[in-house]
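Colleague: I would like to learn how to read domain interfaces, pockets and cavities. Could you take me through them with an example?

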Amino acid sequence: MTKYFIKGGKKICGEIKIQGAKNSVLPILAACILNYGEITLKNCPEISDVDNTLKILELLGCKIIREKNILIINSRNLDSSNIPENLACEMRSSIVFMGSLLSRNKKVIITKPGGCKLGDRPIDLHIDALIKMGANIKFIENKIICVCDKLKGCVINLKFASVGATQNIILAACLANGMTKIINAAREPEIIDLQNFLVKMGAKVYGAGTNEIYIFGVKNLSKNFEYKIMPDRIIASSYLVASAITKGDILINNITPAHLPLNYFLKIGCMVKIHKNKVFLQAPENIKPIDYLETDVYPGFPTDLQSQFLSLLSVANGKSIIKEKIFNERYKNIFELKKINADIKISEDKKKFIINGVKNLKSSNNLITHDLRGGVGLVLVSLFIKGECVINDEKDFIKRGHENIVRDLNKLSADIKILDK
Ligand code: UD1
């Protein structure tokens with residue numbers, strides 16, 4: 001349980017370096033077990049999702065050395081196929097171990113994965129694809145038991161461009177017999193990072209970043225190599241929101257600008273400058289509303305930024321509409337924002353949010369986090385409010401994705417204190 005005490009009303013200004021991407025490092029950690037050599041991963045964020053994934057790797061038999069943001073992983077002696085229930089339930093991303101463990105050990109026993117509660121999060125696309133590649137999958141009570149002889153390449157046409165399913169198929173296909181083609185693959189930058197990592201390991205993966213990915217199975221993977229995890233585009237965008245909502249200015253000095261939804265920052269009236277891997281943003285005096293914003297698969301607006309923009313548009317000069325198209329229960333922050341006087345209506349199907357921007361938000365000592373990005377959304381709106389807000393992050397959602405949000409924002413002139421229990 002962590003409580004955040006935020007005295008808002010201060011401009012978020014300054015320069016910041018962004019940590020490595022959570023959604024990149026987690027599948028890459030699962031990919032490490034395909035390799036018999038020693039892997040040095042740099043820029044690994046020190047977040048609780050990484051802590052939990054490392055526990056899974058250790059229980060599987062991997063040797064790990066961790067020195068701050070550097071990890072050295074050796075999976076030569078991996079000898080287990082069991083992902084324990086308590087760890088699988090912690091994170092949705094544990095599901096990508098199915099592809100890599102099946103490939104490595106021909107067997108996986110895993111519990112249905114957990115993660116942030118954003119509504120239904122079925123795994124049918126993962127299961128159907130692995131069955132098509134030759135896996136035999138049984139559901140016994142809450143366990144999923146998968147076995148195979150040798151996975152075989154095939155054509156998989158995803159009915160939805162799922163990030164996790166695309167990653168799982170790539171991992172399963174690296175050591176399979178023959179070629180696997182994924183049609184309607186997810187195009188997120190984290191998929192490109194996974195491909196770059198696998199190619200460095202000696203795998204043959206092509207097409208990441210487009211909607212068709214080809215994987216040519218190889219006999220084995222055994223390399224010693226180094227890889228640096230890409231910076232976190234969601235955190236970079238969240239800190240841009242922090243400056244925008246407080247009339248500040250910020251320089252992000254290590255990000256791929258094309259990964260950020262900068263057009264939406266321009267729409268609200270920010271001045272944005274790009275130079276190589278740096279982005280500078282200066283907030284407007286008044287935030288303009290956005291007529292209509294819908295979340296979508298990449299390169300659409302990321303669902304993982306919806307809560308942060310909900311906070312931002314709550315203080316805009318007029319009416320905005322947000323439609324959440326990816327997750328059917330990513331709306332709970334609305335109830336928290338209402339506690340501080342935000343004017344937001346929600347459609348009956350809970351997908352459309354109509355936001356009338358107001359300037360007189362009041363503080364609250366009882367804001368409650370419902371998921372990681374929603375928690376960050378509450379931090380951001382608290383930075384705007386003159387007065388002290390208290391955010392109760394009972395399940396420590398924010399630490400799942402942020403190394404140290406308090407360190408980062410205080411460096412940018414915020415006034416945040418933290419109480420860990
Ligand atoms: C990943 C990200 C998460 C992000 C999400 C969407 C990681 C660790 N997590 O999650 O932060 O919010 O992408 O960008 O990278 N679906 C199915 N069947 C399936 C799989 C998914 O119906 O088998 C549906 C889900 O219910 C959801 C949608 O597809 O409605 C998106 O899910 P997906 O792209 O798979 O997201 P994740 O990989 O879980």
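Modeller: Gladly! Domain 1 and domain 2 bury about 2,000 Å² between them, with 49% of it on carbon and sulfur atoms. Buried area is the accessible area (1.4 Å probe) that two parts lose on being put together, summed over both. In domain 1, Tyr298, Arg400 and Glu403 lose the most area to domain 2, together 34% of what that side buries. A word on the source: this is a predicted model, where local features need pLDDT of at least 70 and side-chain atom pairs count only at pLDDT 80 or more, while totals for chains, interfaces and linings use all residues. Residues are numbered from 1 along each chain as its sequence is written, and side-chain values use heavy atoms, with hydrogens and water left out.

Colleague: Into which domains is the protein chain divided?

Modeller: Bounds come from an automatic or database domain assignment. Here they give domain 1 (2-18 + 231-420) and domain 2 (22-228). Contact means heavy atoms within 4.5 Å, and 23 residues of domain 1 are in contact with 25 residues of domain 2.

Colleague: How many salt bridges does the rule find across the interface of domain 1 and domain 2?

Modeller: The rule asks for a side-chain nitrogen of Lys or Arg within 4 Å of a carboxyl oxygen of Asp or Glu. It finds two across this interface.

Colleague: Where does the largest pocket lie?

Modeller: On a 1 Å grid over the protein atoms alone, a pocket is an open set of points with protein on both sides within 12 Å along at least five of seven lines, whereas a cavity is a set where a 1.4 Å probe fits but cannot get out; lining residues have an atom within 4 Å of a point. The largest pocket lies between domain 1 and domain 2, because both give residues to its lining. The lining has 48 residues, and Arg92, Arg121, Val163, Gly164 and Phe327 lie nearest the pocket's centre. Its volume is about 1,100 Å³, meaning the space filled by probe spheres set on the points, which are joined across faces, edges and corners.

Colleague: How many cavities of 30 Å³ or more does a search of the whole structure find?

Modeller: The search finds two. The largest cavity has a volume of about 50 Å³, and its lining includes Gln306, Arg330 and His370. The second largest cavity holds about 30 Å³ of space; Leu26, Met91 and Phe97 are among the residues that line the second largest cavity.
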